[in-house]
Amino acid sequence: MILSTDLKPSLFSRRRFFRWTTSLAAAVSTIPLLRSQDGLADSTLQAGGEDYYDKLGVAKIINAAGTYTTLTAACMPPQVLAAVQKAALHPVRLHELQMKAGEYIAQRLKCEGAVVTSGASGAISLATAACLQYANHTTPLAMPQAIEGMKNQVIVQRAHRYGYDHAIFLCGARVTEVVTLDEYKRACDAGSAIMTNFFNAAEDEDGIAGSAQIGREEWLRVAHEHNIPCHLDAAADMPPISNLWKYTGMGFDLVAFSGGKGMRGPQNAGLLLGKKHLTDLAHQNNNPNDGVGRGMKVAKEQIVGMVAAVDWVLSQTEESMQGDYRKRADLIAQAVKDIPSVTTETVTPRIANHVPHLLIRIDPRVTGVTTEQIVTVLRNGDPSIELNPNTGHEPNQGIPSDKNTLVVGVWMLQPGEDAIVANRIRAALTKKA
């Protein structure tokens, strides 16, 4: 699609867009859902009711960043939203719903067992609890106070340490760091490990990146030689869709996914997939039971929403989703291509956030504006636009950015928002904002 560089702001006014959606709300129930090429229905078809963002004075934004929790991650497609709304109308027995949902998801995603969790972090905590219980033949109520003197170590490569370690610590487990393969083998030999944790997004396509020395296959082999379960944190690693069964198929005992990112389920939901004897223990530690998972509540609406999200994802194709994202990137690139010193490139990270991202490289000496200033202009505008946080920074997670690069994440844009983003970036680069 070719985008005119003199788009009329009135055509793409965010306020006009929201007024239009409000006027349509009353007719939603009688209008068939319209699907864009990535399978998402047009965001104009929204449910009725009072707009509490407006009532609370919370500004709506255009998410040109990605599936970040701070930006409330993904918007649910209509099929998922409808399932959530219907689930809210009827009480059920929560434990039965969790078990039946897990059985259904496991069957659809080609694994032995599944648990709907409170996000990927909740999945990591429940994985740790399950492995603590399995290694020590103890009960959920023993954690975290009563595990002193029991096995409690989770082996992690130093290059894979991150803030989400706290999800492990909640259960009373502690981390043993390793760097070399020999250190890893010695840690496994020590006999105190209950689990290993592998951070999938830290790796490149060969399984090794940065200072990490041990790839997935070797990590898995050594752990299994010592009968230690392997957990894989793949929170943001869908798409591709096949990742939902790739890593359990490789032999990882437990795999955590976020539900509110590429799967487009509720943001406060996730999945723990893997071996049934471990997912059964994770269920024991999950709400509504007492234990470390009690506060990680997943409501009936989120459980049903996660099941619906799995069905929605499996109804899509990689080609339709990725093709639609690339068209959005192309439209924005077209809008800025004639600006002096500006070059564009579309890149797709290999693992986490595996979707097209548009890189807009500038020379501030020519444009007279820096990436930092552009971020501020877009954020302070109406509507507010958030660019990918790799904007203006060194390469990270497969995105080759630098201090003079704008990074535009296109996959969370709603229909029509790509044109708004294109207009606003062009205006900022030409100092017409």
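**View 1. Lysine 60 is partly exposed, with a relative accessible area of 23%.** Partly exposed lies between buried, under 20% relative accessible area, and exposed, over 50% (1.4 Å probe, protein chains only). The structure is a predicted model, in which local features need pLDDT of at least 70 and side-chain atom pairs count only at pLDDT 80 or more, while totals for chains, interfaces and linings use all residues. Residues are numbered from 1 along each chain as its sequence is written, and side-chain values use heavy atoms, with hydrogens and water left out. The partner of lysine 60 here is aspartate 54: their side chains form a salt bridge at 3.0 Å, N to O. A salt bridge is a side-chain nitrogen of Lys or Arg within 4 Å of a carboxyl oxygen of Asp or Glu. Aspartate 54 counts as exposed, at 52% relative accessibility.

**View 2. Arginine 328 and aspartate 324 share helix 12.** Follow residues 318-336 to find this helix, where the two residues sit four apart, about one turn of the helix. Helices are DSSP runs (H or I, at least four residues) and strands are too (E, at least two), numbered from the N terminus. The side chains of arginine 328 and aspartate 324 meet in a salt bridge of 2.8 Å, N to O. Arginine 328 is buried, with a relative accessibility of 8%, and aspartate 324 is buried as well, at 10%.

**View 3. Glutamate 345 and arginine 361 are joined by a salt bridge between their side chains, at 2.8 Å, N to O.** Glutamate 345 is partly exposed, at 35% relative accessible area. Arginine 361 is also partly exposed, at 23%.

**View 4. Arg158, Arg161, Asp165 and Glu177 are linked in a network of salt bridges.** Side chains of opposite charge can pair when their charged atoms come close. Across the model, the count comes to 18 salt bridges.

**View 5. Stepping back, the protein has 15 helices and 12 strands.** Of its 433 residues, 52% count as buried. Contacts (heavy atoms within 4.5 Å) also tell us about the fold: among those between residues at least 6 apart in sequence, 69% join residues at least 24 apart.
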